[in-house]
Amino acid sequence: MPETLTPVEYERQDNQESRFGDHAEILELMNHGEPRILGRIEDIVPLVNAHSNVVELAELSKHQPIVGERVNKAELVFFNDPKQQIFGVFKPFDGENEEIRGFIGYQNFYTHEHAAYLVSQHFGFDLVPPTTVRIINGRVGALQLFMLPDEFQTGENLASVSDDEWENLKNSDDMMKLHLFDYILANPDRAQENYLVKYNKNSGLSLDEGNQPQIIAIDHGVAFSQHYYNNTENFKGPYFHLTVADQQSKKSTPTLTPIPEQLLDKIDQGQKRKDELTAKLAAINPDIAEHDLDALWDRISDLVKYGHFIDRNNRVAIHDKLA
Ligand SMILES: Nc1ncnc2c1ncn2[C@@H]1O[C@H](COP(=O)(O)OP(=O)(O)OP(=O)(O)O)[C@@H](O)[C@H]1O
Ligand SMILES: [Mg+2]
C-alpha cells in the first residue's frame, strides 16, 4: 500500500467501500432532486421515539428506550427518482433549539452536521450517512440519508441482543472508530439515540463477513466546540471502556488502550491530507471557530503521537505516561 494515496485514489477507495452506496449519486439526488416532506420523523417511523438532546449518560448496556422531550425538529423527506428512491432526514434551522444554541454559543447546528460528514469521509471512517445542506420550501437545514429502520436501529432499541452480541458490539471495529470520531469532533453527545446499529427486530444483530457489527453515527449538531466538550456535564458515549475502568460508578480510573494499527493508519493518512479537509470545510463555511479547528488538528496529532484512545477521562494520564 502506498504511503499516501493520491486524491483520486483516495476518493475512489472511499466510494467503493462505502456501506451507504455511491455517495456522489446520493448527494446529487439530495442536492438537486425534488424533495417531498412526509412529516415529523417520530410521527411516521415506528420505533423512532420522541427524542431529546437532554438525556442521561448512555453506557453500553441493555437499556429501556429513553423517551425524552423533543428538542430539535427532524422531518422525513422522500426523493423519488427513476434511478433510485431514497429517504432523507431534514433538520431545519428553524427547528433548532435556540436555548441550547445560545448556551453553546453556536449560530446554528445544521452546518456542524455537514462538517461532521466531511470529517468522517476525510478519515475514511464511513460512519456518517451522506449529508448536505439544502433549502426546502424556503427553510435551510441539514439533509442526511435516512437509514431504514428495517435494517438499522438506534442504540436504545437493541433490547433483544444477547450478552455475547453486546460484547461483540462493544469491542467491534466500528465502536473503536466511533470513539475516535467523537474525540476528533469533540462530540459530547453520543447518546443511545445518536448512533444506529445494523439490527433487525426479527433477525437480531447483523454481522458482516468479518463477523463485525456495523455502527452508524448521526446527530452532530453540537460537535466541534472544545469548550463545550471539556466543560459540559452532558458527556455521553457507549465506549468508555476504551479510556476508563469502572465506568459504571463514574469514579473513573484512566485506562490506556492502544489504537489498532489499521485505525491509526486512517488517522495518520487524514492528518497528512490536512489541507484537503481544510479546503472542503472552508468551502461550506461551517459555524466553527478557528481555534476549535486548530484544536481538532491538535487532538488528531495527539492520537497519532500517543497511539492510544484518548478522551477527556484519560487525557491527563496519557500525557503523563506517554509524553
Ligand atoms: N440518518 C438517519 N437515519 C435513521 N434515523 C435517523 C437519522 N437521523 C435521525 N434519525 C432518527 O431521528 C432521531 C432524531 O434525530 P437527531 O438525533 O439527529 O435529532 P436531535 O437533534 O437529537 O433532535 P432532538 O434533540 O429533538 O432529539 C434519531 O434519534 C433517530 O431515531
Ligand atoms: Mg439526537
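Trainee: How many bridges join β2 to strand β3, and in which sense do they run, parallel or antiparallel?

Mentor: Keep in mind that this is a predicted model. To read a pairing, look at the bridges and then at the strand directions. Here β2 and β3 (residues 85-92) run antiparallel, and 6 bridges join them. For a landmark, find V77, which stands opposite G88 in β3.

Trainee: Which strand pairs with β2 over 5 bridges?

Mentor: That's β1 (residues 35-40), and its pairing with β2 (residues 75-80) is antiparallel too. Start at P35 and go across to F79, its bridge partner in β2.

Trainee: Let's turn to helices. At what angle do α9 and α11 pack?

Mentor: For helix packing, check the angle, the axis separation and the handedness. Helix α9 (residues 261-272) packs against helix α11 (residues 290-306) at about 135°, and their axes are 10 Å apart. Over 145 degrees would count as roughly antiparallel, so at this angle α9 is oblique to α11.

Trainee: Is the crossing of α9 and α11 left-handed or right-handed?

Mentor: Left-handed, as α9 passes α11.

Trainee: Which residues make the contact?

Mentor: From α9 you have I267, D268, G270 and Q271, and they meet I300, S301, L303 and V304 of α11. Sort the α9–α11 contact by class and you get 4 nonpolar, 3 polar and 1 charged residues.

Methods:
Residues numbered from 1 in each chain as written. Chains lettered and ligands numbered in written order. Predicted model: local features only at pLDDT ≥ 70, side-chain atom pairs only at ≥ 80, totals over all residues. Axes fitted to C-alpha atoms, helices over the stretch in contact; angles between N-to-C directions. Helix = DSSP H or I, 4+ residues; strand = E, 2+ residues; numbered from the N terminus. Parallel < 35°, antiparallel > 145°, perpendicular 65-115°, else oblique. Left-handed = near helix turned anticlockwise from the far one by under 90°. Contact = placed C-beta atoms within 7 Å. Nonpolar A, V, L, I, M, F, W, Y, C, P; charged D, E, K, R; others polar. Pairing = 2+ DSSP bridges.
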